[in-house]
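Keep the picture open while you read.

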Amino acid sequence: MPMLAGDQPWLSLLDTALGRPGQALAPVAAPALLLLLALPARAWPGLGLPRRPCVHCCRPAWPPAAPGPHAPMSDGEEWVWPPRVQPTIDISILKGAKGEAGLRGRTGRSGKEGPPGSRGPRGRKGQKGQVGPPGAPCQRAYAAFSVGRREGLHSSDDFQAVTFDTELVNLDSAFDLASGRFLCAVPGIYFLSLNVHTWNYKETYLHVMCNRRATAVLYAQPSERSVMQTQSLLLPLDAGDTVWVRMFQRDRDNAIYGEHGDLYITFSGHLVKPATEL
């Protein structure tokens, strides 16, 4: 513990009390020493003891405490702080050799689809390929008829079908001369044409029929001169439809003119475009 420089008499007394030189005074000094130790610290200055700076009686501990404004003195020398050393480690010395590659991990989940990129530049034209096998022949639909009547006809009823006796064109025999009807087998758009020669002083009144419906009229008033009359039209037909010509009699005589040597009455039709191409 630190001791005062003026404490030497008391140290001698203490040594005597503890059995060192002057052991004979121990019975007397021991009670006095105990009395002094029992005194409070503020009572020590009243004893008249000289006040001297405190010195260490033993080797100071290491490291010493940070010096204050009044640094303690030891043997007349100031405390000198050693230089502060910052330890450094050379990582390159500790780095070992490169290890072997590890095992390949599992494939991760697919990410979200990104936005489409910009169109790239056009590539070079490729080589010409080989000729392919021939294709199937084009299946084109046809339908046509053209018939005539050489004998004239007078109406004998209010409604009378016109029959024909001359066949000019009849693909697939779709037109029946005896009944005067064309039966549609290929649906589509058809062009129809009716030509007649009127009779002098008689009325000419005909209908172009589709099934039981009148679609067009051919009419000529009675006259002293006979003329050629024509009616034509485009008509959509479905499979199974029938086209024919009907005479319509009113209060006048209705007739169409004909001769065996010449062909004045004709009825024609053909497919313009099949329904599959519409």
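Start with an open sheet of 5 strands, in the order E4-E1-E13-E7-E10, whose pairing is antiparallel. Strands here are DSSP runs (E, at least two residues), numbered from the N terminus, and two strands pair if DSSP finds at least two bridges between them. Strand E4 (166–170) and strand E10 (228–237) are the edge strands, each pairing on one side only. From one strand to the next, the twist averages 10 degrees, where axes are lines fitted to C-alpha atoms and angles run from 0 to 180 degrees between N-to-C directions.

Before going further, a word on what you are looking at. This is a predicted model, in which local features need pLDDT of at least 70 and side-chain atom pairs count only at pLDDT 80 or more, while totals for chains, interfaces and linings use all residues. Residues are numbered from 1 along each chain as its sequence is written, and side-chain values use heavy atoms, with hydrogens and water left out.

Now look at one pair in the sheet. Strand E7 (residues 188–197) and strand E13 (residues 265–274) run antiparallel and are joined by 8 bridges. Asn 195, for example, has Thr 266 in E13 as its bridge partner. Is Thr 266 buried or exposed? Thr 266 is buried, because its relative accessible area is 17% and buried means under 20% (exposed is over 50%, partly exposed in between, with a 1.4 Å probe and protein chains only). Not counting residues up to four places away in sequence, Thr 266 touches Val 147, Gly 148, Ser 193, Leu 194 and Asn 195; contact means heavy atoms within 4.5 Å.

Next comes the interior. A nonpolar core is a set of buried Ala, Val, Leu, Ile, Met, Phe, Trp, Tyr and Cys residues joined through side-chain atoms within 4.5 Å. The largest one has 29 residues, and those with the most contacts inside it include Leu 194, Leu 206 and Leu 237. Among the elements giving two or more residues to this core are E7, strand E8 (204–210) and E13. E7 provides the largest share, 4 residues.

Let's finish with Leu 206, which lies in strand E8. Leu 206 counts as buried because its relative accessibility is 1%. Leaving aside neighbours within four places in sequence, the contacts of Leu 206 include Leu 194, Val 196 and Met 247.
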